[in-house]
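Have the model open as you read.

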Amino acid sequence: MEREFVSYAFQDLPRKEIKKYAAQYEGVDMAALIGADEDNFPFLIRNDPNSRDDEPSAFHVMVWNAYNGMMACLDEDSVRHYATVLYLREHAYPNFANFREAEKWAAEHDWPRKPRG
């Protein structure tokens, strides 16, 4: 049975409410929810080096796409974004300080690139 979630897209919510509403995603594999698979590997890049880890917008949710490389996962729902960041951090997905660090890691660890077509 598929779960239904309340959407908070395009709403300007305070941090306290975002954290409260994110509880609806407890126990959900947020990586799968954003489409992670063998061709799309999620990771995080810090948005602002001075931001707090519990700040909902502290991280960009990214995927390494086997065909396109690094791609942003944009989510207009701040609650779902926050729940995704928490999940990825709690489940030891890569977490980078900036884009250069992520690009370097991808090259050094041969993150896959597949030809199109």
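Strand β1 is largely enclosed by the rest of the structure, because six of its seven residues are buried. Keep in mind that this is a predicted model. So what does β1 pair with? One partner is strand β2 (residues 59-65), which runs antiparallel to β1 and is joined to it over seven bridges. If you want a spot to start tracing that pairing, take N40, whose bridge partner in β2 is N65. Another partner is strand β4 (residues 95-96), and here the pairing is parallel, over two bridges. To find it, look for L44, which has N95 as its bridge partner in β4.

Now over to helix α3, which covers residues 78-90. With 13 residues, α3 reaches 18 Å from its first C-alpha to its last, close to the 18 Å expected at 1.5 Å a residue. Which residues of α3 are buried? The list runs V79, H81, Y82, A83, T84, V85, Y87 and L88. These buried residues pack against α1, α2, β1 and β2, so β1, the largely enclosed strand from above, turns up again here.

Both ends of α3 have a detail to check. At the start, D77 sends a side-chain oxygen to within 3.0 Å of the backbone nitrogen of V79. V79 is also one of the buried residues of α3. Just after the helix, A92 has a positive phi of about 60 degrees.

On to the charged side chains. Side chains of opposite charge can pair when their charged atoms come close. How many salt bridges does the model have? The count is four, and the table shows some of them, including the pair K114 and D39.

| Salt bridge | N to O distance |
|---|---|
| K114 and D39 | 2.6 Å |
| D75 and R80 | 2.7 Å |
| K104 and E108 | 3.8 Å |

Take K114 and D39, whose side chains meet at 2.6 Å, N to O. D39 comes out at 16%, so it counts as buried.

The pair D75 and R80, at 2.7 Å, N to O, looks like this: D75 is partly exposed at 24% relative accessibility, and R80 is partly exposed at 28%.

K104 and E108 make a salt bridge at 3.8 Å, N to O. Both lie in helix α4, four residues apart, which is about one turn of the helix. An α-helix has 3.6 residues a turn, so residues three or four places apart point the same way. As for accessibility, K104 is exposed with a relative accessible area of 53%, and E108 is exposed at 51%.

One last stop is D12, in the segment before α1 (15-21). Is D12 buried or exposed? At 79% relative accessibility, D12 counts as exposed.

Note on methods. Residues are numbered from 1 along each chain as its sequence is written. This is a predicted model: local features need pLDDT of at least 70, side-chain atom pairs count only at pLDDT 80 or more; totals for chains, interfaces and linings use all residues. Side-chain values use heavy atoms; hydrogens and water are left out. Buried means under 20% relative accessible area, exposed over 50%, partly exposed in between (1.4 Å probe, protein chains only). Two strands pair if DSSP finds at least two bridges between them. The expected span of a helix is 1.5 Å times one less than its number of residues. Contact means heavy atoms within 4.5 Å. A polar contact is a pair of N or O atoms within 3.5 Å; within protein, one must be able to donate a hydrogen and the other to accept it, and residues adjacent in sequence count only if both atoms are side-chain atoms.
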